[in-house]
Amino acid sequence: MSISRRQLIANFGLAAIATQLPSAAQTNSYLPSLIKPPRLNVNDTVGLINPAAFSYPQEIEPIKQILSQLGLKVKLGTHIFDRYGYLGGKDADRAADVNTMFADSSVQAMIAVQGGWGCNRILPMLDYQLIRNHPKIIMGFSDITSLLLAIYARSGVVTFHGPVGISTWSQFTVDSVKQVLFNPQTITLHNSSQIRVQTITPGKSRGKLVGGNLSVLAAMVGSDYLPDWKNRILFVEEIGEEVYRIDRMLTQLKLAGILNVISGFIFGQCNKCEPEQPQESLTLEQVLFEHIRPLNIPAWYGSMIGHIRDIFTLPIGAEVEIDAVAGTIKLLEPAVT
């Protein structure tokens with residue numbers, strides 16, 4: 001991404017003032033019963049969409065090759081090559097591609113080509129009843145957090161925090177996609193041996209898994225597109241944000257009442273988040289411990305979630321059990337049917 005989410009969110013003034021929004025942690029009145037989308041099968045068709053930033057045509061062929069290796073076919077969104085400044089086309093057109101893919105009986109799943117910025121702008125234009133009537137896998141991360149949380153909150157359909165089209169698609173990432181999307185099963189996700197887990201508060205906890213990119217989530221606070229947070233397991237990740245900004249966004253979630261009602265917390269990876277002047281900054285560990293330890297809920301950081309090579313595929317809305325010492329996420333139910 002050539003433009004950071006932080007710059008764009010600041011420029012457009014989308015960050016909510018948390019102290020004025022005490023109802024942010026309350027139950028979303030739109031939240032219906034949970035629906036799991038059908039599993040992926042070989043020869044299924046995946047729709048590629050660009051609900052946020054624009055893509056170049058040469059970026060699409062490698063994505064097709066990756067999906068082909070998984071036995072999947074590809075259908076391109078009508079407006080996938082549109083461009084409107086830094087966006088992948090006009091808001092109405094990007095939203096139309098999402099709605100159309102859900103309505104298209106020849107498409108079994110959707111993957112966003114990339115993140116960037118723009119998903120918040122199209123949330124009011126999505127047809128949530130259509131999505132509920134035609135549940136399908138939709139996957140991505142970073143700015144796609146907006147779509148994943150809004151669709152789960154407003155339609156009740158389980159969504160998936162996982163690779164976008166332009167992700168690396170390492171063997172670890174591919175294996176996680178297969179485990180979660182192709183096979184209805186209960187599994188335990190654990191870090192590779194190279195990635196260290198740092199426990200904040202030990203213990204185990206159960207709850208529905210929700211989360212995504214921290215700055216995108218913070219920019220949604222106060223809207224009608226977030227789920228109920230009570231007894232949820234919250235996971236967040238970030239890239240390109242200094243420690244004081246992480247502090248600011250976690251403070252916003254706390255003032256909005258979100259952190260006070262969750263039952264577990266996972267911080268993934270914070271890539272390129274080093275302070276410019278380390279001698280004048282708190283460490284990320286200090287900030288996380290100060291915000292999360294007083295909650296007395298199982299919590300850790302260092303999970304394989306975020307803007308990194310090897311990532312988990314996480315089902316938003318599914319029931320999980322976490323172990324903050326082992327750093328594991330156990331799916332207590334299959335995420336697909």
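Q: How many positive and negative side chains does the protein chain have?
A: In this predicted model, the protein chain carries 28 positive and 28 negative side chains. Lys and Arg count as positive and Asp and Glu as negative, while His and the chain ends are not counted.
Q: And how far apart do the centres of the two sets lie?
A: They lie 5 Å apart, with each charge placed at NZ of Lys, CZ of Arg, CG of Asp or CD of Glu.
Q: What should I know about the model and the numbering?
A: The model is predicted: local features need pLDDT of at least 70, side-chain atom pairs count only at pLDDT 80 or more, and totals for chains, interfaces and linings use all residues. Residues are numbered from 1 along each chain as its sequence is written, and side-chain values use heavy atoms, with hydrogens and water left out.
Q: Changing topic, which cysteines form a disulfide?
A: Cys270 and Cys273 do, with sulfur atoms 2.2 Å apart; a disulfide is a pair of cysteine sulfur atoms within 2.5 Å. A search of the whole structure finds one disulfide.
Q: Why is the disulfide left-handed?
A: Because the torsion about the S-S bond of Cys270 and Cys273 is about -85°.
Q: Is Cys270 buried or exposed?
A: Cys270 is buried at 16% relative accessibility, where buried means under 20% relative accessible area, exposed over 50% and partly exposed in between (1.4 Å probe, protein chains only). Cys273 is buried too, at 7%.
Q: What share of the 337 residues is buried?
A: Buried residues make up 59% of them.
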